[in-house]
Amino acid sequence: MTQPLIELQALRCERDERVLFENLDLKVMPGDVVQIEGPNGCGKTTLLRLLTTTSTDYEGQILWCGAPLKDQRLDYLNKLLYVGHLPGVKKALTPRENLDWFCGVNQGHQRCTIESALEEVGLFGFEDVPCHHLSAGQLRRVALARLFLTPARVWVLDEPFTAIDKQGVRNLENLMAEHAAGGGCVLLTTHQDMSMSAVRKINLEEFKPQSEWSAGDIV
Amino acid sequence: MAWQWFHRLGSPRWFFEKTNAWIPWLAAISISLLIVGAVWGLAFAPADMKQGNSYRIIYIHVPASFLALAGYYTMAISGAIGLIWKMKLADMVMKSAAPIGAVLTFVALITGAVWGKPTWGTWWVWDARITSMLVLFFLYLGVIALQEAYQNQDTANKASAILALVGTVNIPIIYKSVDWWYTLHQPATIKFTSESTIHPTMLYPLLVMVVGFYVFYALVLLMRTRTEILSREKKTRWVQELAVKT
Amino acid sequence: MSAREPQERVSLQAQPLATPGIGAGFWATLRRDVLIAFRHRGEMANPIMFLLMVITMVPLGISPESAVLANLAPGMIWVVALLATLLSLDGLFRSDFEDGSLEQLLMSPQPLYFQVLAKVLVHWLVTGLPLTVMAPILGVMLSLPSAGYGPLMASLLLGTGCLSLIGAIGAALTVALRKGGILISLIIMPLYVPVLIFGASAVTSAIDGFPMSGQLAVLGAFLALSVILAPLAAAGALRISVNG
């Protein structure tokens with residue numbers, strides 16, 4: 001049996017004195033596309049924060065390739081790509097300069113040139129246009145161009161389809177499928193229905209604590 | 001075995017139940033020490049040769065100044081413990097220590113000003129110690145303001161712990177700088193009665209007061225921490241059972 | 001997204017990922033921030049204009065007599081430089097936080113220390129350095145005695161570095177707060193006390209004909225200490241406050 005890339009064991013997370021989820025077990029194998037579902041406020045973004053190591057406020061275990069994530073954070077981050085609901089794109093800079101920075105802070109690992117990545121997301125000819133001239137959807141595409149650039153194995157995507165047109169969504173799904181087929185994995189949240197067949201869904205609602213203590217229980 | 005003790009100390013419930021019995025003792029000790037020290041210092045200690053009776057404010061000013069600084073370190077160290085070992089209880093101690101320290105620093109500043117009026121003829125002098133005390137007061141206010149600014153308790157605690165630690169590194173530098181600045185600008189003509197030359201009849205009541213203040217500080221810190229525990233753990237079973245019982 | 005030729009790109013397993021080097025990320029962030037500052041040239045002038053205007057208020061509010069002004073000049077210029085730095089600090093991490101690039105920084109596979117250092121260096125280049133260069137003009141406006149110009153610039157050169165570094169801690173602690181601006185000043189100003197004391201004193205000493213190398217040495221020591229510790233504290237603060 002192949003080893004899971006990411007494994008969550010009995011993960012429990014509490015925020016603002018409220019338990020968001022507990023006993024969350026999940027194995028993400030190479031080739032998996034996992035969609036994290038649940039209503040607003042159920043902890044989707046918090047879970048993504050844990051997976052991107054921006055928050056370490058959890059109980060339980062997160063394993064990366066079988067060993068605790070805490071002990072090999074750098075190795076994990078080196079193989080992680082995160083596209084958040086904020087694009088992370090500087091409006092004063094051009095798409096090319098933005099991606100340049102992105103490659104720089106990620107050690108310059110690159111699978112293709114910046115030009116071809118921008119071409120893939122339909123921004124051919126916009127390479128040197130300052131981003132404040134671009135529309136919201138185009139800004140989003142600049143952020144998504146990183147999916148083409150990165151050699152990362154783990155993709156964590158927070159609402160990647162926001163402000164993207166239908167054709168773009170289809171292309172993005174193809175890209176994810178291709179990435180998964182190549183041995184990578186994708187974890188994403190989205191409120192849109194995905195037409196991909198091989199999506200594993202995990203509903204955070206199921207991991208909500210069964211009964212919460214309230215004063216009425218005792219009095 | 002030592003670690004087991006450490007972890008248990010981290011449990012707010014264990015701490016709450018354990019310290020329940022301490023409060024009356026601490027209260028009795030601190031109140032009797034403060035009464036003895038105050039009566040001794042104010043009524044029985046002899047008047048100062050130069051300053052007359054006005055020096056007697058040291059019985060409040062000096063202990064308050066001691067605790068102002070000690071309180072900052074208490075806050076910063078518990079903040080550091082909370083950051084490093086993720087101990088909830090240490091966070092609560094830190095949060096409780098900040099306002100007490102600020103109030104004591106304020107008391108030290110006010111009593112210093114009141115003492116300054118008969119001694120120097122003015123309420124405020126930019127003396128090295130007073131200036132350092134004022135900066136310390138600002139440091140406290142910064143920690144409290146940061147704590148209040150965050151909605152999320154946990155973030156608030158961690159952020160203010162970092163600020164308190166940065167302050168800890170800075171306090172010796174600030175104190176030395178202000179001392180140096182003072183000697184530069186003001187020839188040392190006016191001086192506080194330095195502790196080393198104080199007469200024993202004046203010193204003993206002062207020592208009693210200092211110890212009394214420390215115990216009182218421990219008492220208030222303990223009570224505030226216990227309140228904090230109850231408010232933070234209000235959703236847990238043991239707190240709710242406690243509320244039902246009483 | 002047009003049709004692709006998958007074979008153009010290197011496949012996932014084929015490329016072993018090298019262990020992170022520190023230099024590349026530092027330079028990338030440095031270059032990006034310099035570029036952004038350059039695109040917002042207009043904003044770069046704001047601290048300088050603030051400085052000029054406040055200095056203009058001094059003679060208007062106190063006295064135009066050069067003897068009085070000369071007395072105030074070292075301390076005044078230092079205090080105003082401190083305020084100008086404080087005003088500009090709020091934006092240090094805020095824009096990165098708001099557009100999501102701070103998250104990317106936090107999860108870049110290298111020490112956050114150097115990323116913070118790069119950002120602070122750019123902040124100093126666009127505030128501290130111009131302040132230092134402007135200082136002689138302010139000196140003239142406040143009739144600073146001629147012996148004071150060199151020390152003023154030297155002390156500002158070292159001191160503004162400390163101000164930016166220490167200020168970064170405050171900016172990091174308040175980055176997720178909507179009204180961080182005034183709070184930064186509250187929490188950072190007390191920490192500026194030593195820098196102000198030695199900075200202003202270096203100038204005063206030089207004017208009075210005393211050596212000022214001691215004060216400059218102390219400022220240098222502060223700078224060294226801040227370079228080592230402040231980015232660490234700021235990096236820790238960023239990791240905490242983004243969860244605000």
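What order do the strands of the open sheet in chain A take, and is their pairing parallel or antiparallel? In this predicted model, the open sheet of chain A comprises 4 strands in the order 2-1-4-5, and the pairing is antiparallel. The edge positions are held by strand 2 (18–28) and strand 5 (67–68) of chain A; each has a single partner strand, so one side of each is left without a neighbour in the sheet.

Within this sheet, strand 1 of chain A is joined to strand 4 of chain A by 5 bridges, and the two strands run antiparallel. Leu8(A) has Ile62(A), in strand 4 of chain A, as its bridge partner. Strand 4 (residues 59–64) of chain A in turn pairs with strand 5 of chain A over 2 bridges, again in the antiparallel sense. Leu63(A) is bridged to Pro68(A) of strand 5, and Trp64(A) has Ala67(A) of strand 5 as its bridge partner.

The interface between chain A and chain C was examined next. The contact involves 53 residues from chain A and 44 residues from chain C. About 4400 Å² is buried between the two chains, with carbon and sulfur atoms giving 54% of this area. On the side of chain A, the residues that lose the most area to chain C are Lys90(A), Trp101(A) and Arg111(A), which together account for 17% of what that side buries.

Between chain A and chain C there are 4 salt bridges. One salt bridge links the side chains of Lys90(A) and Asp99(C), with an N to O distance of 3.0 Å. Two or more residues each are contributed to the side of chain A that touches chain C by helix 2 (73–78), strand 6 (80–83), helix 3 (95–105), helix 4 (114–120), helix 5 (136–149) and helix 6 (166–181) of chain A. Helix 6 of chain A provides the largest share, 7 residues. By class, this side of chain A has 20 nonpolar, 19 polar and 14 charged residues.

Note on methods. Residues are numbered from 1 along each chain as its sequence is written. Chains are lettered from A and ligands numbered from 1 in the order in which they are written. This is a predicted model: local features need pLDDT of at least 70, side-chain atom pairs count only at pLDDT 80 or more; totals for chains, interfaces and linings use all residues. Side-chain values use heavy atoms; hydrogens and water are left out. Contact means heavy atoms within 4.5 Å. Buried area is the accessible area (1.4 Å probe) that two parts lose on being put together, summed over both. Ala, Val, Leu, Ile, Met, Phe, Trp, Tyr, Cys and Pro count as nonpolar, Asp, Glu, Lys and Arg as charged, and the others, Gly among them, as polar. Two strands pair if DSSP finds at least two bridges between them.
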